[in-house]
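These are my notebook entries on a structure that is new to me.

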Amino acid sequence: MTAGSTILIADDDASIRTVLEQALTRAGYEVRTTSNAATLWKWVSDGLGDLVITDVVMPDENGLDLVPRILKIRPNLRIIVMSAQTTILTAVKATERGAFEYLPKPFDIKELVSVVQRGLEASKPSRQTSIHPDDEEELPLIGRSTAMQAIYRSIARLMQTDLSVIISGESGTGKELVARALHDYGARRNKPFVAVNMAAIPRDLIESELFGHEKGSFTGATNRSAGRFEQAQGGTLFLDEIGDMPLEAQTRLLRVLQEGEYTTVGGRTPIKTNVRIIAATHRDLKQLIRQGVFREDLYFRLNVAPVRLPPLRERSEDVPELIRHFLAQAASEGLPWKTIAPAAMERLKRHTWPGNVRELENMVKRLAALCAEEEVGLDTIEMELAEAPASMPENDGGGLAQSVERHMKSYFAAHGDSLPSPGLYDRILREVERPLLQLTLDATRGNQVRAADLLGLNRNTLRKKIRELDIPVVRGGAK
């Protein structure tokens with residue numbers, strides 16, 4: 001049921017109706033369009049149409065409210081929801097109410113035609129779930145950029161599944177917020193959400209932390225202790241910085257994922273577990289696999305549904321909305337209300353934000369607390385950014401050594417009173433080695449002989465490192 005099918009379109013924007021009608025007619029479909037929900041409801045009630053495309057905001061009714069009513073009388077009818085209100089809650093509510101797909105405006109017409117075809121070919125009835133409260137003021141994620149729309153759609157698709165997820169992204173991008181959104185809007189929302197940071201736990205205590213231990217199982221184990229798996233039973237276990245998990249714990253985690261049970265440290269009786277695993281990392285797990293410090297089979301078990309969270313510099317159009325959110329948050333905490341001058345806002349949008357959203361949030365709250373003016377001007381922002389450690393230029397007197405020192409201080413500080421996992425020397429050297437080799441090869445246009453000479457390496461050594469680090473080499477590339 002594809003060609004010749006009838007598509008019903010409801011949107012109060014005449015130009016959008018025209019574009020959709022022309023595109024879908026060219027694709028071989030019959031198309032009916034209307035500007036209101038009442039006409040759409042009459043068509044559906046009369047048994048017309050094989051698929052519905054509806055806007056959210058219409059003059060007589062909210063399109064999201066119409067979705068469950070349509071599915072109640074025609075449960076097999078596929079509904080595509082479009083909206084210019086591009087927030088995570090719009091995507092989530094569209095999916096919760098039974099929509100086949102959600103598309104933010106503006107949309108790609110080829111993508112929409114493809115979604116229509118998939119909707120017509122799908123055979124299973126749409127799933128309806130309980131409606132979550134409509135609280136537009138408490139958005140778990142902020143941003144309406146194209147990059148964030150992809151995240152919202154991923155969350156909407158994954159929220160009613162139990163698929164394991166790996167969220168990748170730089171530090172400060174909000175990986176735990178995505179994990180919490182997957183839990184809070186999912187089927188396990190009424191069960192525990194338990195978060196554990198692998199990088200913050202001493203290596204020899206990770207297994208006890210995750211799986212619990214019995215009394216007397218090791219020195220200092222004076223009582224039985226429940227692990228994070230037991231605490232998260234029925235809910236979600238969020239494993240942050242999964243790349244820092246030692247191999248021994250990785251092996252036990254893999255066994256849990258394969259068999260659905262585990263034993264406590266010092267215990268003998270298997271314990272059945274029912275948790276959804278969401279992992280996160282700012283590191284390249286594939287590179288860790290090549291280095292032999294992360295299990296490939298565990299990676300594939302966890303990475304069923306990958307979600308990449310973009311750095312703030314890739315969604316700079318979201319900076320003003322994020323700043324307004326953090327300013328309002330600061331005011332609700334008793335700090336003075338501030339505004340940002342237009343020129344200052346443009347400067348903030350151009351900043352690269354190496355610390356991502358966390359860096360932006362800290363700066364905004366610092367301005368709210370310390371800036372004397374009600375409107376924060378460009379000069380104040382320039383001074384703030386110039387003083388930020390992460391924004392210091394490379395040739396400020398310390399060069400690379402000073403940059404590495406700043407990075408390592410931050411790295412150790414993130415572990416608090418504990419220490420990173422062993423092998424730190426090799427990990428840091430590799431992080432420096434890869435960009436060094438890559439940039440040298442770029443500079444020599446992929447000529448490995450010249451690159452080896454420039455680096456002072458044997459030619460065979462360079463080739464070996466290129467293979468080990470999986471560095472792409474393009475002959476004749478840009479210098």
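Which residue is the bridge partner of isoleucine 167 in strand 12? I found that it is valine 307. The model is predicted, so I noted its limits: local features need pLDDT of at least 70, side-chain atom pairs count only at pLDDT 80 or more, and totals for chains, interfaces and linings use all residues. Residues are numbered from 1 along each chain as its sequence is written, and side-chain values use heavy atoms, with hydrogens and water left out.

I read five strands in an open, parallel sheet, ordered 7-8-11-6-12; strands (E, at least two residues) and helices (H or I, at least four) are DSSP runs numbered from the N terminus. Strand 7 (193–197) and strand 12 (305–308) are the edges, each pairing on one side only; pairing requires at least two DSSP bridges. Strand 6 (residues 165–168) runs parallel to strand 12 and is joined to it by four bridges.

Four bridges pair strand 4 (residues 78–83) with strand 5 in the parallel sense, and serine 83 lies opposite proline 104 of strand 5.

Entry on helix 7 (residues 175–184). I listed its buried residues (under 20% relative accessible area, 1.4 Å probe, protein chains only): Lys175, Val178, Ala179, Ala181, Leu182 and His183. They pack against elements including helix 4 (88–96), helix 6 (146–158) and strand 8 (236–240), where contact means heavy atoms within 4.5 Å.

Terms used
Buried means under 20% relative accessible area, exposed over 50%, partly exposed in between (1.4 Å probe, protein chains only).
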